[in-house]
Every structure is written in C-alpha cells, then in structure tokens.
Amino acid sequence: MGEKSLTIFIISIISLLGLGIVMLLSTSVFISERSDVYHDVNRQSIWLGMGIVLCAATALIDYHFWYKSRWFWFVISIVALILCFVPPIAQPANGSSRWIGLEAFGLGFARIQPSEIAKISLIFVLAGWCSKYYERASEIRCGFIYPIIISLIPVTLIAVETDMGTAALLICASLVLLFVSGSNIKMFIATASVSVVVLSLAVWFNPNRLERFIAFLDLEAHKTGFGLQQWRAQLAMGEGGFAGLGLGEGREKLMYMPFAHTDFIFPMIGEELGARATLSVVLIFVLILVIGVSISNSAPDRFGKLLGFGLITLISLQALLNIAVTTGCLPNKGLPLPFVSYGGSNLLFCLAAVGIILNIYRQGHEPVVDPDSKLLEGHRTLPRI
C-alpha cells in the first residue's frame, strides 16, 4: 500500500472528526437543560485533544507491546466493567450501568465507558491467541472454543449492563477475527447461529428491548413511544433531500429528536447537509475499511495482520450498525457513529485504534523481524486477508 492511500486514510479520519465538531456545534446548542450552550462542544473538544495525543502515542509505540501486555489490558477492562456495578464509582444513566466516574483521577467532569476498553483489549487477546496458536487454528478446542470463552467474559458483562448493541458488536467482531484467522468453519457457522438465538432470547425476555423491536417493525404506530427516534430520523432524512436544508437550519434538533447529537447524529447530517453528505460519510467509512485492511495485510507478522484487521473491523462494524439503526434498517441499539457522534470514551479509543493501525503501517514498510520470536513464526505463509 502506497503513501497516497495512507494520506487518504488520515484525511478520511480528519474529515469525520471535523464533521463531528461542526454537527455538534449545530445540534447540541439546542439542549434546553444546558446553561452553557457550548457545554458539549467544549467537553468533546477536550476528549478530541486527548484522543489526538493518544493516537500519536499509540502510533509511536511498537504494536508488539500490545501482544506482550494483552492480558494486563484484558484484566483491567474486566475490572473496569465490574466497577460499573459498584457505587459510588458507577454512574448509571438512562436505565443502564455503562459508566464509571473519573473523580479519583482529578477528572470529576468526566466519565468513561469501560466497554470501550474491553473492545480494544479483547482484540489484543484474540489477535495474540490466534497468532500464537496459528498452527492449531483448525482445532475445535484451541482454535475456537477457548477464544470464544474468553470473548464471552466481557460480552456477558456488557450485556448485563443492558448494552446489547455493544455486546452484539463485540461478538460479531470476535467471530469475524476468528474466521479470518482460519478457525473451523463449521464451528463458526454453529456459533453464529447460536449467537442469533441467544440475542433473540435476550430481546424476548427484556421488556424494554422487546418493545424496541416491536416498534422497529412498525415505526408509524409507535412514533410517540419506542419508535420515536427512528421515526423522527426518517423524517429528518426526508426533509433534507439531496442538498439539505442548510447547516444550522435543521428542525428535528429543536427538541423533537432525542439525543440528536449522540447516536442519531447521522440523520441530522442528512437533514442539514443532505444525502450528498450522508453518502459521502458512507464512502469515507468504506475507504477507511479498505485501506485499513490493506494496512493490516502489509504487517510483517501474523499478530500485526490480525490486530489491524480486528481494530478496523470494530470501527467499520460500529459505523455500519449505527447507520443501519438510524436509517431504520435495524432495531435501535444505541451505538455512536465513530469519530462523529458526541461521546468521549468512544472517540478516545477509536483514535487509539487508528494510532495502532498507523504503527502497523510504519512497521509494514520498515519491517524489523526478530528470528527468535515465536510470535513471528509462520508469517510468510499467512494467507492474504
């Protein structure tokens, strides 16, 4: 992959970040309970600054560091997920226990979602596992059952938080990574089928999720209840047409659309900037996916290939699910649009993932191979992703 592709990759990320700040300025100032109309913009700017610093740091850190410390980050993420249920550290909101406060670190103004740490740390572990046991990838026990059990630990905790969207995202990304690494295809299909059944049962026995699913089937009939967000989102997209109403001229953000600046910022883009902008966002994410996979494939070893592929899969799948939800193609799951939606935790760890991918690119073009490292064994025979 050439430098032009890398430039396109970086410009794509910067474009989404810029769009996110612009749309946040346009939508968040209408949140009536804020005394400071720029409260969310200022806070997001702080997170963006920290994210850029973290991106630069992870771009400079040798990505093999994440292999060596993968279990440390995994344990930290599990502890953080457990803290979501421990008051007063836990800060539940909107019926979910997804956040913990950062007062102990002098950041009383902020809170963080441990599920974001769990997503990236699980990719570390799975990429490390599949690169270490690549010769046994086709074995059912070592190549599939063990890594699935590892994945279910954070997925279960996240699901208990009632964050079913992130749980579904994480199990999908895990299965894709195992499939690419060469795991047993029959077990992959069986587990994917079981996952669908388990998710269906989780929705069936959760009244809130069941109501959301029923509302999804007929948004018009539930436009004042659980279908409100998706119904208003479709109105916003329709009102915007191809050219949009103009930046700042959207109507749905005027307290009609709940959380317009977070999970449902994509329809706000459609309303104000039009279909040409929303289609451009989709194209940008496609470019990020294609170039990200190409960067991963250029890594000098198996761990780098799987790590890069896993991280770019997380970002791309999350974007796909958000766009599908906000356009009414999937039931409401509450996932932010990467780099664009308001939310510090997701922005921080998406930028950290971008930094790691950039480090993989650098080492892929200036490979340093340690012949004594077991991690690098077999990298010459790895099928292209």
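Figure 1. Lysine 119 and glutamate 116 are both buried. In this predicted model, their side chains meet in a salt bridge, with 3.0 Å from N to O. Both residues belong to helix H5, which covers residues 114–132. They are three residues apart in H5, so about one helical turn separates them. Side chains of opposite charge can pair when their charged atoms come close. The structure holds three salt bridges, and the next two views show the others.

**Figure 2. A salt bridge between two partly exposed residues.** Glutamate 139 forms a salt bridge with arginine 136. The closest N and O atoms of the two residues are 3.1 Å apart. Glutamate 139 has a relative accessible area of 35%. Buried means under 20% and exposed means over 50%, so glutamate 139 counts as partly exposed. Arginine 136 is partly exposed too, with a relative accessible area of 38%.

Figure 3. The side chains of arginine 232 and glutamate 252 meet in a salt bridge, at 2.7 Å from N to O. The two residues are 20 residues apart in the chain. Arginine 232 lies in helix H10 (residues 228–240), whereas glutamate 252 lies in the loop between H10 and helix H11 (265–273). Both arginine 232 and glutamate 252 are buried.

Figure 4. The patch has an area of about 530 Å². Ile8, Val282, Leu283, Val286, Leu287, Leu289 and Val290 make up this patch. Helix H12, residues 275–297, supplies the largest share, with six residues. Leucine 289 lies in H12. This leucine 289 is partly exposed, as its relative accessible area is 33%.

Figure 5. Helix H13 runs over residues 302–326 and has 25 residues. From its first C-alpha to its last, H13 reaches 36 Å. This is close to the 36 Å expected at 1.5 Å a residue. Of the 25 residues of H13, 23 are buried, so the helix is largely enclosed by the rest of the structure. At the start of H13, a side-chain oxygen of aspartate 301 comes to within 3.1 Å of the backbone nitrogen of phenylalanine 303. At the other end, just after H13, glycine 328 takes a positive phi of about 80°.

Conventions:
Residues numbered from 1 in each chain as written. Predicted model: local features only at pLDDT ≥ 70, side-chain atom pairs only at ≥ 80, totals over all residues. Heavy atoms only, no water. Patch = residues over 30% accessible without salt bridge, like charges linked within 9 Å, V, L, I, M, F, W, Y side chains within 5 Å. Areas by Shrake-Rupley, 256 points an atom, 1.4 Å probe, with all protein chains shown as cover. Salt bridge = Lys/Arg side-chain N within 4 Å of Asp/Glu carboxyl O. Helix = DSSP H or I, 4+ residues; strand = E, 2+ residues; numbered from the N terminus. Buried < 20%, exposed > 50% of the residue type's maximum accessible area, 1.4 Å probe, protein only. Expected span 1.5 Å × (residues − 1). Polar contact = N/O pair within 3.5 Å; in protein donor to acceptor, adjacent residues only side chain to side chain.
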